[in-house]
Amino acid sequence: MQKIDVCLSPDLIHLYDLAGKAVVVVDIFRATSCMVTAFAHGAVEIIPVEDVDVCASHREQGYLISAERNGVTPAGFDFDNSPFSYQVDRVKGAKICVTTTNGTVALRRSVQAAQVYVGAFLNISSVVRALKAWSGDAIVVCAGWKGKPNLEDTLFAGAVIDELVGQYTVADDAALMAWKQYNLASSDLITAVKHSSHVNRLLGLGIEKDITFCLERDRYDVLPHLQGDKLVL
Ligand SMILES: O=C(O)[C@H](CS(=O)(=O)O)OP(=O)(O)O
């Protein structure tokens, strides 16, 4: 049977062998939710980078640029890290370069995998469909927060596992923990994440609507994947 594993933080990724595997990178609050939203609204390419200056330099090559550090956008960028910012006309047909605190780090560290998908609750059925069609093992890589695990990405990993039992077995305790936690939380994700650190951070920044939006299931039927250093559909 195929195995599915969960890497709870990009800082733990050295413990996992990504070769030959399908990886789903998730950053529910908010990077991968933004990327899924951008593609659903017509973006044609997203380059995830780790550095703000590298991101800014892509403007000369015709990219729109998006940056966020600690939830805040530096001056001069086209987009912040809210999924609502990508639901606008200028996203249609756009190439976008993005850097965020956690999500783009997780993506850059996953490039050795055979296939890298971008996952969020917003496109979870597209993710599950791809993993059902995949014949090898899979890993959900959670972006977490600055090297620490977080609840919402772990819940997403558990939700994916919940859809795949029967075809995949859980590889280790991180996957088992994610799955069990999801089963405790699945009837009300908003309440489940209520006291989490990221929700507190977003509320502190006055960003409440993003929380509900990012926890919505299957608003979009798109599945971005990495091709070289670019995300495409
Ligand atoms: O903008 C976000 O929600 C976070 C920043 S922080 O974790 O709140 O500092 O970035 P992301 O890379 O999307 O986790």
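The contact on the α5 side comes from T154, L155, A157, G158, A159, I161 and D162, and on the α6 side from A175, A178, W179, Q181, Y182, N183 and A185. Here two residues are in contact if their C-beta atoms, placed from the backbone, lie within 7 Å. Sorted by class, this contact of α5 with α6 has 9 nonpolar, 4 polar and 1 charged residues. The classes work like this: Ala, Val, Leu, Ile, Met, Phe, Trp, Tyr, Cys and Pro are nonpolar, Asp, Glu, Lys and Arg are charged, and the others, Gly among them, are polar. The packing angle itself is about 90°, and the axes of α5 (residues 151-164) and α6 (residues 173-185) are 7 Å apart. Axes are lines fitted to C-alpha atoms, for helices over the stretch in contact, with angles running from 0 to 180 degrees between N-to-C directions. Helices (H or I, at least four residues) and strands (E, at least two) are DSSP runs, numbered from the N terminus.

A word on the model: it is predicted, with local features needing pLDDT of at least 70 and side-chain atom pairs counting only at pLDDT 80 or more, whereas totals for chains, interfaces and linings use all residues. Residues are numbered from 1 along each chain as its sequence is written.

Setting aside neighbours within four places in sequence, V160 is in contact with V24, I124, V127, V128 and V140.

Next comes the ligand. There are 16 residues around the ligand, and A31, N81, T100, N102 and G103 come nearest; a residue is near a molecule or strand if its C-beta atom, placed from the backbone, lies within 6 Å of it. The shell splits into 4 nonpolar, 8 polar and 4 charged residues.

V72 itself belongs to the loop between β4 (64-67) and β5. V72 counts as exposed because it has 11 C-beta neighbours inside 10 Å; the cut-offs are 20 or more other C-beta atoms within 10 Å for buried, 12 or fewer for exposed and anything in between for partly exposed, with C-beta atoms placed from the backbone. N70 is found in the loop between β4 and β5 as well, and is exposed, with 8 other C-beta atoms within 10 Å. N70 also has a positive phi of about 55°, although it is not a glycine.

V98, in strand β5 (residues 95-99), is another story: it has 27 C-beta neighbours inside 10 Å and therefore counts as buried. Not counting residues up to four places away in sequence, V98 touches I46, P48, C55, S66 and T104. A171 is 73 residues away from V98 along the chain, and their C-alpha atoms are separated by 32 Å.

F29 and R30 are joined by a cis peptide bond, with omega about 0°, and R30 lies in the loop between β2 (22-26) and α1 (31-40). K146, although not a glycine, has a positive phi of about 50°. K146 sits in the loop between β7 (138-142) and α5 and is partly exposed, with 13 C-beta neighbours inside 10 Å.

K132 is in helix α4 (residues 124-133) and counts as partly exposed, with 13 C-beta neighbours inside 10 Å. Strand β8 (residues 168-170) holds T169, which is partly exposed, with 14 other C-beta atoms within 10 Å. Leaving aside neighbours within four places in sequence, T169 is in contact with M1 and K3.
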